[in-house]
Amino acid sequence: ACFAGPCFTLLCGLGSGFAALLASDPNLTTIKVTMPPSIKVGFASIILNCLLLVLSGLLVFRRGGKIGPSHAYLMLTIYVSYLATCIALQFTDVVKNSLE
């Protein structure tokens, strides 16, 4: 339920959006999709978070089955660095667009 619900919603949203786009232009056969830098940073943060979660899970057995508070601080640090990077990327785009 924790994975299937959001995944289903994401796939339905993407599918309906692309279906509406394709229905609006019957001659359209391909759609160019680009990934902005903020999405790339998000993917990197998610992958890093997942890898650290798996590593922590493997180390749990050595600590008597408990994940310490340092794990939570590490995850929060990753999240805050993700937010700071996304905000910096937004301001970089704003400055770049205003100079053009």
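Biologist: Is Tyr-79 buried, partly exposed or exposed?
Modeller: Buried means under 20% relative accessible area, exposed means over 50%, and partly exposed is in between (1.4 Å probe, protein chains only). Tyr-79 has 46% relative accessibility, so the label is partly exposed.

Biologist: Before we go on, what sort of model is this?
Modeller: Residues are numbered from 1 along each chain as its sequence is written, and side-chain values use heavy atoms, with hydrogens and water left out. Local features need pLDDT of at least 70, side-chain atom pairs count only at pLDDT 80 or more, and totals for chains, interfaces and linings use all residues, since the model is predicted.

Biologist: Which residue forms an aromatic pair with Tyr-79?
Modeller: Rings of Phe, Tyr and Trp (its six-membered ring) pair if their centres lie within 6.5 Å; planes under 30 degrees apart are stacked, over 60 edge-to-face, and the rest tilted. That rule gives 1 aromatic pair. The pair is tilted, with 6.4 Å centre to centre and 35° between the planes, and the partner of Tyr-79 is Tyr-82.

Biologist: Which helix holds Tyr-79 and Tyr-82?
Modeller: Helices here are DSSP runs (H or I, at least four residues; strands are E, at least two), numbered from the N terminus. An α-helix has 3.6 residues a turn, so residues three or four places apart point the same way. Tyr-79 and Tyr-82 are 3 residues apart, about one turn, and both sit in α3 (residues 69-99).

Biologist: How far apart are the end C-alpha atoms of α2?
Modeller: The expected span of a helix is 1.5 Å times one less than its number of residues. For the 24 residues of α2 that comes to 34 Å, and the end C-alpha atoms agree, being apart by 34 Å.

Biologist: How many disulfides does a search of the whole structure find?
Modeller: A disulfide is a pair of cysteine sulfur atoms within 2.5 Å. For Cys-7, the nearest cysteine sulfur is that of Cys-12, 9.5 Å away. The sulfur of Cys-50 is too far for a bond, because the closest cysteine sulfur, in Cys-7, is 13 Å from it. The search of the whole structure ends at 0.

Biologist: Is Cys-50 buried, partly exposed or exposed?
Modeller: Its relative accessible area is 44%. That makes Cys-50 partly exposed.
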